[in-house]
Structure formats: structure tokens, C-alpha cells
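Visitor: Can we go through this one together? I'd like to start with the terms.
Guide: Fine. Here it is.

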Amino acid sequence: MLLLRRSIFISLFSLLLVSPVFAAGDRASPDEAVAMVKRGLSYIKENGKEKAFVEFANKSNKDFHDRDLYLFAYDLNGVNLSHGNNPKMNGKNMIDLKVGDRFVVKEMLAVVKSAGKGWVDYQWPNPVTKMLETKSTYVEKVDDYFIGCGVYK
């Protein structure tokens, strides 16, 4: 009986050790985040930003929601125009949003204002795991706003 218990314990413990590896395979890649931003930019060109922002926030729209990927948009003053995971942010000025020691929106604005596009790393709640995780977000400026999409590491 002791041998059986020990075998079950070892099996369960081994499963716990490898499950994060399997879960990591369900995460999106940086290339997929960039591709989603590009899809969002195309959608804006074809349909206008107002319709696009509604679709970015529509969780049933699989063009803009895939696993832990979703789009968001901010104006150049830090006001959230659309958020694919948290609609409560829409219309709010998030310029002073600080997560840990990082001013997330300010850092994104600095990237788009200086280079037009690029990556920003910070901590953010993962919509799948519900845990605070390191996130790397690709942002790209369009006119007087920018859109972004990030991956969890």
C-alpha cells in the first residue's frame, strides 16, 4: 500500500512539474501579436476607427481575440479608446496607470511618439491565468492614437 501511495504521489508531482510547460504552449507568440495589430490597422482602414474600436472590444470577434491576445487603443493623451479585455477602461485617462514601478501607458506613448512603433515590457493580469505576469506589448501609432497587442512571457 505504501508503494502504491508513493507511486501515485510521484506521478501527481511529476504532472504538476510539467503542466506549466504544456500551458506555455497555449500562449501566443510575439509574431502573432504583431499580426493582430496589423489586422486591426487594416480593419481601421476599411471600416473606420469607431467601428474598429467596437470590434476590438467585442470578445466574440475572433479576429481580435485569440487565447491571451486582444487589441486595445489609446489616444496620445493616454485616454483609452477601446480595450479588448476590460471595457471598464474605455473613455478613462490612464496616463498615470502604474503597475509595479512602471507607468505603462506613458511608456507606450514614449515609444509611439519617438519611433512610431515598438515593444514595451511590463506586468499585467493575464486574462487566461488571472495572474499578474510579465507582458511584452507591440504598439503602433496611427494618426492621433495607437493600438497595441501583447504576449505574456
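Guide: First, residue classes: Ala, Val, Leu, Ile, Met, Phe, Trp, Tyr, Cys and Pro count as nonpolar, Asp, Glu, Lys and Arg as charged, and the others, Gly among them, as polar. This is a predicted model, in which local features need pLDDT of at least 70, side-chain atom pairs count only at pLDDT 80 or more, and totals for chains, interfaces and linings use all residues. Residues are numbered from 1 along each chain as its sequence is written, and side-chain values use heavy atoms, without hydrogens and water.

Visitor: Which classes are in the lining of the largest cavity?
Guide: The lining has 10 nonpolar, one polar and one charged residues. Among them are Phe72, Tyr74, His83 and Lys135. A cavity is a set of points on a 1 Å grid over the protein atoms alone where a 1.4 Å probe fits but cannot get out, and lining residues have an atom within 4 Å of a point.

Visitor: New topic. How many aromatic pairs are there?
Guide: A search of the whole structure finds eight. Rings of Phe, Tyr and Trp (its six-membered ring) pair if their centres lie within 6.5 Å; planes under 30 degrees apart count as stacked, over 60 as edge-to-face and the rest as tilted. Phe72 and Tyr74 have ring centres 5.7 Å apart and planes at 70°, so the pair is edge-to-face.

Visitor: Is Phe72 buried or exposed?
Guide: Phe72 is buried, at 3% relative accessibility. Buried means under 20% relative accessible area, exposed over 50%, partly exposed in between (1.4 Å probe, protein chains only). Tyr74 is also buried, at 3%.

Visitor: Which residues do ring pairs link into a cluster?
Guide: Tyr43, Phe53, Phe56, Phe64 and Tyr145.

Notes:
1 Å grid on protein atoms, 1.4 Å probe; cavity = no way out; pocket = protein on both sides within 12 Å on 5 of 7 lines; lining within 4 Å.
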